[in-house]
Amino acid sequence: MGSRLQIPGDDSILLHVTHSNLKNFAADVRFSLEMTVESVKEKLWKKCGTSVDSMRLELYDDTGAKVCDLDDNFRPLGFFSPLDGYRVHVIDLDPSSVTSGGWLEDTSLVEKYSISDEAYNKLDGTFRKFKEKLASQNPSILESKIPDNYMEDLGTNIKVGDRCEVEPGGKRGVVKFVGKAETVAPGFWVGIQYDEPLGKHDGTVKGKRYFDCPPLHGALLRPDKVKICANFED
């Protein structure tokens, strides 16, 4: 059962807050019993984004049973006799609310920013430009760290046309290229055409085409990231 566990002279209570549209939203908020319902809504608006005019409040006890609707904006919260541990449930009545559709919680609904290699190469001040400048000033800086035959032993076990899976991530595709990629770094590389548009390019990297595939289906990876499997269950 809820109880008034309060400091002497304190007229506030701690309520648990949930929201009709925000399934992952939950908060414990302290309210004064002297606040009007409208003031409670204003405080909740700042926490969950639902406008005061579009908000309906329901009060539940600590067993989950509904006590009442907080439907009179001008009455003080104490009129409804809430106790510490009770729950206020916010219902958003606006179908076009910022909280609707899962936009505030489901990141998969947010369009991810992407940029082509061609556009990225036109930018100044990128890490790629910094590496290119560093390499042009002293080519041995990069080449001395990675031998020319780096991962050649793994690359010999991978053939163009092999079905594969990229680790980590489990993205699947077809091997389109195996060999050295001079424009990237020394050593051996594997070009993959993904089954879905999960790549970064169309087989062209830093102005050189290593293989052909649809846009955003291509990836150039080290052999140790590629798992060959002849019997995928698609």
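Trainee: What is the order of the strands in the open sheet that contains β11 and β12, and how do they pair?

Mentor: The general idea first: strands of a sheet pair through backbone hydrogen bonds, either parallel or antiparallel. In this predicted model, the sheet has five strands in the order β11-β8-β7-β6-β12, and the pairing is antiparallel. β11 (218-221) and β12 (226-228) are at the edges with a single partner strand each, so one side of each has no neighbour in the sheet. Direction ignored, neighbouring strands here are turned against each other by 45° on average.

Trainee: How many bridges join β8 to β11?

Mentor: Four bridges link β8 (residues 185-194) to β11, and the two run antiparallel. For a residue to look for on screen, take Gln 193, which stands opposite Gly 218 in β11.

Trainee: In which sense do β1 and β5 run, and over how many bridges?

Mentor: β1 and β5 run parallel and are joined by four bridges. His 19 has Val 90 as its bridge partner in β5. On the other hand, β3 and β5 pair in the antiparallel sense over six bridges, and Tyr 60 stands opposite Arg 87 in β5.

Trainee: What about the remaining neighbours: how many bridges join β1 to β2, and how many join β3 to β4?

Mentor: Seven bridges hold β1 and β2 together in the antiparallel sense. The two form a hairpin with six residues between them, and His 16 has Asp 28 as its bridge partner in β2. For β3 (residues 55-60) and β4, there are three bridges, again with strands that run antiparallel. There, Leu 59 is paired with Cys 68 in β4. As you follow any of these strands, keep one idea in mind: in a regular strand the side chains alternate between the two faces of the sheet.

Trainee: How many residues of β5 are buried?

Mentor: Five of its six residues are buried, so β5 is largely enclosed by the rest of the structure.

Trainee: Now to the rings. How many aromatic pairs are there, and what kind of pair do Phe 79 and Phe 80 make?

Mentor: The count comes to three aromatic pairs. To classify a pair, look at the distance between ring centres and the angle between planes; an angle over 60 degrees counts as edge-to-face. For Phe 79 and Phe 80 the centres are 5.2 Å apart and the planes stand at 90°, so this pair is edge-to-face. As for cover, Phe 79 is partly exposed with a relative accessible area of 45%, whereas Phe 80 is buried at 11%.

Trainee: Which charged residues sit over the rings of Phe 79 and Phe 31?

Mentor: Arg 75 has its charged end over the ring of Phe 79, 4.0 Å from the centre. Lys 43 lies over the face of Phe 31, at 5.2 Å from the ring centre.

Trainee: To finish, what does the secondary structure of the whole chain come to, and what percentage of its residues count as buried?

Mentor: The chain has five helices and twelve strands. Of its 234 residues, 37% count as buried. For contacts between residues at least 6 apart in sequence, 53% join residues at least 24 apart.

Conventions
Residues are numbered from 1 along each chain as its sequence is written. This is a predicted model: local features need pLDDT of at least 70, side-chain atom pairs count only at pLDDT 80 or more; totals for chains, interfaces and linings use all residues. Side-chain values use heavy atoms; hydrogens and water are left out. Two strands pair if DSSP finds at least two bridges between them. Axes are lines fitted to C-alpha atoms, for helices over the stretch in contact, and angles run from 0 to 180 degrees between N-to-C directions. Buried means under 20% relative accessible area, exposed over 50%, partly exposed in between (1.4 Å probe, protein chains only). Contact means heavy atoms within 4.5 Å. Rings of Phe, Tyr and Trp (its six-membered ring) pair if their centres lie within 6.5 Å; planes under 30 degrees apart count as stacked, over 60 as edge-to-face and the rest as tilted. A charge sits over a ring if NZ of Lys or CZ of Arg is within 6 Å of the ring centre and within 35 degrees of the ring normal.
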